[in-house]
Amino acid sequence: RESFHTALRRSPEVASGLLKTLVRKIRQDVVSQVRASLERERMEQDLARAREVQMGMLPKGDLVTERLEVSGISLPAAEVGGDYFDYFQPGDGTLGLILSDVIGHGFYSGLLTMMAKSCLHTQGHIDHAPTSIMEAMGRTVSLSIQSGMLMTGCYVLLDPARGTLTYCNAGHNYPYVYRGEGDTLERLQSTDPLLGIPGRESAEHHQQERPWSKGDLLVMFSDGVTEAMDSEEEMLEEEGLERVILANRDRSPAEIQAAILEAVAAHRGDAVQEDDVTMLVARAL
């Protein structure tokens, strides 16, 4: 301002030039800010639509059959999350359940969860065995997404008629199986590495079989549950989840799910939700 006043006293022409330059710079800044604001608004609208699509592809409500009751939920930490859960009825009395977690959030993570749903329902009509489903998932992740994108996933096939639970776990959090007979908790440990690892595009997967009887309970979850942190950066961890499951083992899947969410929220307190929270709970009737 001082140099402008000095120029005005010494040379009105120079001052006029400086004023025009200043006005032009202000106009350019305003145009840039308006463009940036419009671009942010467009991106926010795109993310909001992507979230609507992603949430819309999840199962609508709980599933109840003569022998099974299932309840699931997903609470993304960002506009577009990287968690995905679903269940699939092949038509032979069995039920397939999947819960996966893409490493990261945002557009690409959301895109992969959409592709996972398509893969599940396409492959499920061809062969719904856990190994076939997970191998198809592995090919989808490896061949269709930018380099470096990885996904954990666990697929469980429940067969009430045979009394079996068959599963593949590709690096995902170990689901819990509560046994009504014996009052015990078991874990479905990993059978294979994460999906999307370079060089494993056509890798074979492995499945394991467990008994599945009336009163048994299956709890599948993403790491947003056990890694929920409070203001002191202390996590809920598996021990906290186990306490909630055992304390609510006689309740319905929806009630167990609500109790776990309540425990996660109570543990987190005022801390920000850092990761997606997703669960899938099933009970044998």
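Strand 6 (residues 164-170) and strand 9 run antiparallel and are joined by four bridges. Leu165 has Arg210 of strand 9 as its bridge partner. Strands here are DSSP runs of E with at least two residues, and helices are runs of H or I with at least four, numbered from the N terminus; two strands pair if DSSP finds at least two bridges between them.

The model is predicted, so local features need pLDDT of at least 70 and side-chain atom pairs count only at pLDDT 80 or more, while totals for chains, interfaces and linings use all residues. Residues are numbered from 1 along each chain as its sequence is written, and side-chain values use heavy atoms, with hydrogens and water left out.

The open sheet has five strands in the order 3-4-5-6-9, with antiparallel pairing. Strand 3 (83-88) and strand 9 (208-211) are at the edges with a single partner strand each, so one side of each has no neighbour in the sheet.

A search of the whole structure finds zero disulfides (pairs of cysteine sulfur atoms within 2.5 Å). The sulfur of Cys154 has its closest cysteine sulfur in Cys168, 8.2 Å away, which is too far for a bond.

The table gives relative accessible areas, where buried means under 20%, exposed over 50% and partly exposed in between (1.4 Å probe, protein chains only).

| Residue | Relative accessible area | Class |
|---|---|---|
| Cys154 | 0% | buried |
| Cys168 | 1% | buried |
| Ile26 | 47% | partly exposed |

Ile26 lies in helix 2 (residues 12-56).
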